[in-house]
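Hi,

Here is the structure I promised to pass on.

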Amino acid sequence: MLRRILKTFWWLLLLGILTIYIYLGLATFTSQQAIAAVIQLEEAPGEIVYRSQQKLNDELGNYWQVVLFKRVNSNSKKISSINLRLVGFPGSQELAHPLPLKITSDTGKVLTAPDIFLDEAPAPTIGQYDFKDVLPQLPTEDLLIGIPVGKQHFINLSIPQYIVQEWQEVALKS
């Protein structure tokens, strides 16, 4: 019995150390080197998804999972959608729906992406935006994304140039 308790204790200790290691490791994804890569998945027969996924923090220090994904029909090579999904970690602001996402380049060019969740999102800190028309217009430079948290209020999220380049890689995949 004591042996079993000790074994369970060591497994829990190892799990706790591994969890801390992973959390601290993920916190370094905001560095300037390209860490993630474009991932290709087959979600359903005949449908391929290309994805770029990063973890970034906003101007208030809250973390967001930033996922750009493109769905392509593998038979016709026709793009069905390109979306940017933002998922706020605990403590993040609630998003206002159905307000568009505001994208500003270093040169001051402003683009908007319409909200996919017109009525209600799966959770208050999740947003998904149509990037099909926006992505081809993005310059390869640092961007500032304004996440709508009210009619005139935004939380800013800086998108480094290397992530924009990764998004453009996703756009080229077919």
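This is a predicted model: local features need pLDDT of at least 70, side-chain atom pairs count only at pLDDT 80 or more; totals for chains, interfaces and linings use all residues.

Let me start with the open sheet. Four strands make it up, in the order E6-E5-E8-E9, and their pairing is antiparallel. The edges belong to strand E6 (110–113) and strand E9 (154–159); each has a single partner strand, so one side of each is left without a neighbour in the sheet. From one strand to the next, the twist averages 25°.

If you zoom in on the E9 end, you will see strand E8 (residues 143–148) running antiparallel to E9, with 6 bridges joining the two. To get your bearings there, look for Leu143, which stands opposite Ile159 in E9. Helix H2, made of residues 161–172, lies across E8 and E9. Its direction is at about 80° to that of E9.

Now for the hairpins. Strand E2 (residues 47–57) pairs with strand E3 (residues 63–73) in the antiparallel sense, over 11 bridges. Lys55 stands opposite Gln65 in E3. The E2 and E3 hairpin has 5 residues between its strands, and Gly61 there takes a positive phi near 90°.

E3 also pairs with strand E4 (residues 79–88), again antiparallel, this time over 9 bridges. Val66 has Leu86 in E4 as its bridge partner. These two strands form a hairpin too, with 5 residues between them, and in its turn Lys77 has a positive phi of about 60°. That one is worth a glance, because most residues other than glycine have a negative phi.

While you are checking backbone geometry, where is the cis peptide bond? It runs from His97 to Pro98, with omega near 5°. Pro98 has its place in the loop between E4 and strand E5 (101–105). For context, most peptide bonds are trans.

Next, Glu59, which is found in the loop between E2 and E3. Leaving aside residues up to four places away in sequence, Glu59 touches Phe154, Ile155 and Asn156. The C-alpha atoms of Glu59 and Ser158 are separated by 8.0 Å, although the two residues are 99 apart along the chain.

On to the aromatics. The structure holds 1 aromatic pair. Its rings are those of Phe131 and Trp167, with centres 5.8 Å apart and planes at 90°, so the pair is edge-to-face. Phe131 lies in the loop between strand E7 (126–130) and E8, while Trp167 is in helix H2, so the pair ties together parts that are 36 residues apart in sequence. Phe131 and Trp167 are both buried.

Finally, there are two places to look at where a lysine meets a ring. The charged end of Lys55 sits over the ring of Tyr63, at 4.5 Å from the ring centre. Likewise, Lys102 has its charged end over the ring of Phe154, 4.7 Å from the centre.

Cheers

Methods: Residues are numbered from 1 along each chain as its sequence is written. Side-chain values use heavy atoms; hydrogens and water are left out. Two strands pair if DSSP finds at least two bridges between them. Axes are lines fitted to C-alpha atoms, for helices over the stretch in contact, and angles run from 0 to 180 degrees between N-to-C directions. Contact means heavy atoms within 4.5 Å. Rings of Phe, Tyr and Trp (its six-membered ring) pair if their centres lie within 6.5 Å; planes under 30 degrees apart count as stacked, over 60 as edge-to-face and the rest as tilted. Buried means under 20% relative accessible area, exposed over 50%, partly exposed in between (1.4 Å probe, protein chains only). A charge sits over a ring if NZ of Lys or CZ of Arg is within 6 Å of the ring centre and within 35 degrees of the ring normal.
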